[in-house]
Amino acid sequence: MSANDRYEIHQVDILVVGAGGAGLRAAIEAAKSGLKVGVVCKSLLGKAHTVMAEGGIAAALGNTDPEDNWKEHFRDTMYGGKFLNDWRFALKHAQLAPECVLELQEWGALFDRTEDGRILQRAFGGHSWRRLAHVGDRTGLEMIRTLQDKLLSFKNVDVFQEATIIHILKDGNSVSGAVGYWRETGRFLIFKTPAIILATGGMGKIYEVTSNSWEYTGSGYALALFAGAELRDMEFTQFHPTGMVWPPSVKGILVTEAVRGEGGRLYNSKKERFMQKYDPVRLELSTRDLVARSIYTEIKEGRGTEHGGVYLDVSHLPAEVVKKKLPGMYKQFLQFAGIDITKEPMEVAPTMHYTMGGVVVDPETQMTRVQGLFAAGEVASGLHGANRLGGNSLSDLLVFGKLAGKGAAEYVSSLKKEPKIDKGEVDFAIKDSLKYFEEKDGVSPYDIHDELKKTMQNLVGIFREEKDMKKALEKIYELKEKKIRVNGNVMFNPAWHLAIDLKFMLLCAECVTISALERKDSVGAHSRLDYPNESKEKYNQFIELKNGSIQLRKEPTLEVPDELKALLKVPPSRKWEERNGNKKNEKGE
């Protein structure tokens with residue numbers, strides 16, 4: 001490390017931005033090569049948002065249902081994404097997920113077990129077989145613990161905790177480094193590196209009600225765009241069907257799909273099991289987009305609960321089963337809402353949860369069109385299409401995090417010369433981040449953020465219309481023009497941190513809204529009241545920045561090869577129940 005009065009300099013071979021599942025798995029794979037790896041995370045190591053992914057990891061191990069295999073998983077993923085997925089990602093994901101789960105087991109992950117000692121798998125919405133490897137309802141936490149322990153076994157890895165990356169440096173069209181800052185002291189960080197892996201997660205904080213943690217400000221999408229990469233299908237924002245609604249302090253906190261996977265039932269205020277109307281075959285285990293719209297419709301049509309939700313009930317299950325299979329949910333509702341879910345129903349409503357769109361990357365290496373810039377996990381795109389199936393997120397992190405780490409290591413090893421850092425670019429990035437202290441008549445970043453969240457929640461939500469989204473776009477442009485004023489200095493100044501993040505969040509909101517306006521049909525997680533039908537044309541939307549302005553183009557979705565089309569003839573169903581001849585048993589036992 002070298003330093004001067006303004007910043008400190010670190011040199012690494014590969015810089016991983018983000019320490020969730022994708023970032024940790026990428027760092028592990030990169031570290032195996034012997035190269036020096038740096039990992040930057042906004043919070044403390046082990047505190048990543050991945051810990052909130054509670055239900056399980058989707059992988060066709062075939063332990064609970066021996067008939068399951070990668071072909072079945074590939075088919076379910078493609079149907080779930082409404083065939084707007086890039087089939088290459090869906091194929092690779094389905095084929096590699098089992099070995100990635102077994103790696104976790106080898107590294108010490110303590111999965112729930114079958115009677116004969118294999119990894120137990122549970123049912124989830126949109127999956128034809130019981131496919132989710134799990135640890136009660138705390139799978140994400142166990143996954144992060146395991147990956148963290150494995151990462152720290154490498155001596156060639158440095159972790160920079162409570163630090164944030166704000167700019168990617170380039171030499172021509174190649175990555176040369178990054179600019180960041182320590183959140184506690186405000187001191188700037190310069191990383192010299194030829195390869196950066198973005199594993200920054202999503203952008204839920206642009207919405208008012210979200211299951212996402214405070215880190216999810218969309219920085220990865222914006223950093224990639226500013227660096228010259230492309231985004232794909234940003235209109236596809238997933239609202240998880242079940243988030244807490246009461247008390248207000250916990251509104252939006254995730255209620256895992258594992259509740260429904262273990263047999264939970266949805267009721268409206270009239271005690272009607274309403275999913276029988278919307279999907280009489282799959283019921284509560286329909287795809288997330290359909291369940292979320294169904295709940296939203298019940299609430300809007302006056303059949304919601306006292307606090308604006310619906311009821312999710314597991315009280316018909318034995319109390320000991322609930323406490324064993326859903327210990328986190330049992331404690332969460334008891335602590336935050338004073339409800340014993342073994343005796344009373346939970347109140348739930350949709351919460352912004354996940355972004356299916358993201359950075360465009362190569363399916364083999366995960367590299368963008370910018371040399372040396374990689375992306376993996378939620379910030380990347382290709383796998384999920386128009387809607388993500390529950391459980392595919394955690395296996396996405398493992399599969400493509402691993403590929404990104406491998407791709408970055410191979411890229412760095414192939415370089416003939418080291419890219420150079422432009423000191424003028426460094427100075428510009430630092431000066432741009434400090435401008436908020438110089439504004440005399442600016443507004444509070446908290447006011448801007450509140451207006452943005454309300455705009456996106458009310459005008460670009462579960463159901464969308466052109467007139468609303470045009471209003472949203474006007475508001476976003478208005479907010480972008482406002483000057484932001486921050487008081488104090490750079491030392492642990494959350495207002496300054498937010499001011500910087502707003503640059504990213506406003507760009508993400510603009511991308512989502514423009515993409516949603518341009519897709520004039522309803523498909524997957526994108527529902528237009530003014531265009532309620534799905535288009536016969538399968539296409540994806542790509543965004544890039546040209547002279548600072550968003551440019552969007554449409555391209556036909558990559559066609560599935562003939563040898564794989566045969567796998568897609570029969571749509572998904574709850575096959576484990578059909579096999580058992582017991583379609584009424586939601587537990588699948």
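Colleague: Why is N547 called exposed?

Modeller: Good place to start! This is a predicted model, and in it N547 has a relative accessible area of 85%. N547 sits in the loop between β22 (539-546) and β23 (549-556).

Colleague: What makes the phi of N547 worth a remark?

Modeller: Phi of N547 is near 55 degrees, a positive value, and the residue is something other than glycine. D233 also has a positive phi, of about 55 degrees, although D233 is not a glycine.

Colleague: Is D233 buried or exposed, and how do you know?

Modeller: D233 has 4% relative accessibility. Buried means under 20%, so D233 counts as buried. You will find D233 in the loop between β13 (231-232) and β14.

Colleague: What makes you say that strand β14 is mostly covered?

Modeller: Take the strand residue by residue: 8 of the 8 residues in β14 (237-244) are buried.

Colleague: How do you know that β14 and β17 are paired?

Modeller: Two strands pair if there are at least two bridges between them. Here 6 bridges join β14 to β17, and the two run antiparallel. T237 has T355 as its bridge partner in β17.

Colleague: Why is T355 called buried?

Modeller: The relative accessibility of T355 is 0%. Leaving out residues up to four places away in sequence, T355 touches M203, Y221, M234, F236 and E378.

Colleague: Now the open sheet. In what order do its strands come?

Modeller: The sheet has 5 strands, in the order β8-β4-β3-β12-β19, with parallel pairing. The strands β8 (157-161) and β19 (373-375) have a single partner each, so they stand at the edges, and one side of each is left without a neighbour in the sheet. From one strand to the next, the twist averages 20 degrees.

Colleague: What makes β4 and β8 a pair?

Modeller: The requirement is at least two bridges, and 5 bridges join β4 (residues 37-41) to β8. These two strands run parallel. Within the pair, G38 stands opposite D158 in β8.

Colleague: How do you know that helix α1 packs on the sheet?

Modeller: Helix α1 (residues 21-31) touches β3 (14-17), β4, β8 and β12 (196-198). Its direction makes about 170 degrees with that of β4.

Colleague: Which residues line the largest cavity near its centre?

Modeller: The lining has 45 residues, and H49, T50, G201, Y216 and E378 lie nearest the centre. Two or more lining residues come from each of α1, β4, β9 (163-171), α5 (219-227), β17 (346-355) and α11 (392-414).

Colleague: What classes of residue make up that lining?

Modeller: The lining of the largest cavity has 19 nonpolar, 19 polar and 7 charged residues.

Methods. Residues numbered from 1 in each chain as written. Predicted model: local features only at pLDDT ≥ 70, side-chain atom pairs only at ≥ 80, totals over all residues. Heavy atoms only, no water. Helix = DSSP H or I, 4+ residues; strand = E, 2+ residues; numbered from the N terminus. Axes fitted to C-alpha atoms, helices over the stretch in contact; angles between N-to-C directions. Contact = heavy atoms within 4.5 Å. 1 Å grid on protein atoms, 1.4 Å probe; cavity = no way out; pocket = protein on both sides within 12 Å on 5 of 7 lines; lining within 4 Å. Nonpolar A, V, L, I, M, F, W, Y, C, P; charged D, E, K, R; others polar. Buried < 20%, exposed > 50% of the residue type's maximum accessible area, 1.4 Å probe, protein only.
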